[in-house]
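Hello! Here is the structure I promised to pass on to you. Have a look at it first, and then read my notes on its charged side chains below.

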Amino acid sequence: MFDSNQFKRSVKDWMRSNPEGSLAELTDYCEELIPPQQYAAHKWLVEHTVSWYRHILTHREISARMEGEAFD
């Protein structure tokens with residue numbers, strides 16, 4: 001049985017351990033967490049997680065740019 005709460009905890013742990021992780025790395029990690037026979041039913045969770053992480057990365061880029069402009 002796939003535990004979505006464990007999946008979420010694992011993703012948060014991965015993010016803490018890989019602060020510079022890429023979208024591809026996170027996607028691979030998420031796909032590994034879901035048993036192959038249950039992947040079709042939970043693919044949406046991978047897509048949602050990757051979309052959320054893409055938003056975080058974009059926000060980090062914007063924040064870094066704004067900080068850089070503040071010091072110019």
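**Charged side chains**

Asp13 and Arg16 sit three residues apart, about one turn, in helix α1 (residues 4-17); helices are DSSP runs of H or I with at least four residues, numbered from the N terminus. This is a predicted model, in which local features need pLDDT of at least 70, side-chain atom pairs count only at pLDDT 80 or more, and totals for chains, interfaces and linings use all residues. Residues are numbered from 1 along each chain as its sequence is written, and side-chain values use heavy atoms, leaving out hydrogens and water.

Side chains of opposite charge can pair when their charged atoms come close. Asp13 and Arg16 form a salt bridge at 2.8 Å, N to O (a side-chain nitrogen of Lys or Arg within 4 Å of a carboxyl oxygen of Asp or Glu). Asp13 is partly exposed at 44% relative accessibility, while Arg16 is exposed at 61% (buried is under 20% relative accessible area, exposed over 50%, partly exposed in between, with a 1.4 Å probe and protein chains only).

How many salt bridges does the structure hold? There are two. Glu47 and Lys43 make another, at 3.7 Å from N to O. Both lie in helix α3 (residues 39-70), four residues apart, about one turn of the helix. Glu47 is partly exposed at 46%, and so is Lys43, at 38%.

One more thing to find: Asp28 belongs to helix α2 (residues 23-33) and is partly exposed, at 46% relative accessibility.

Enjoy exploring!

Methods
Helix = DSSP H or I, 4+ residues; strand = E, 2+ residues; numbered from the N terminus.
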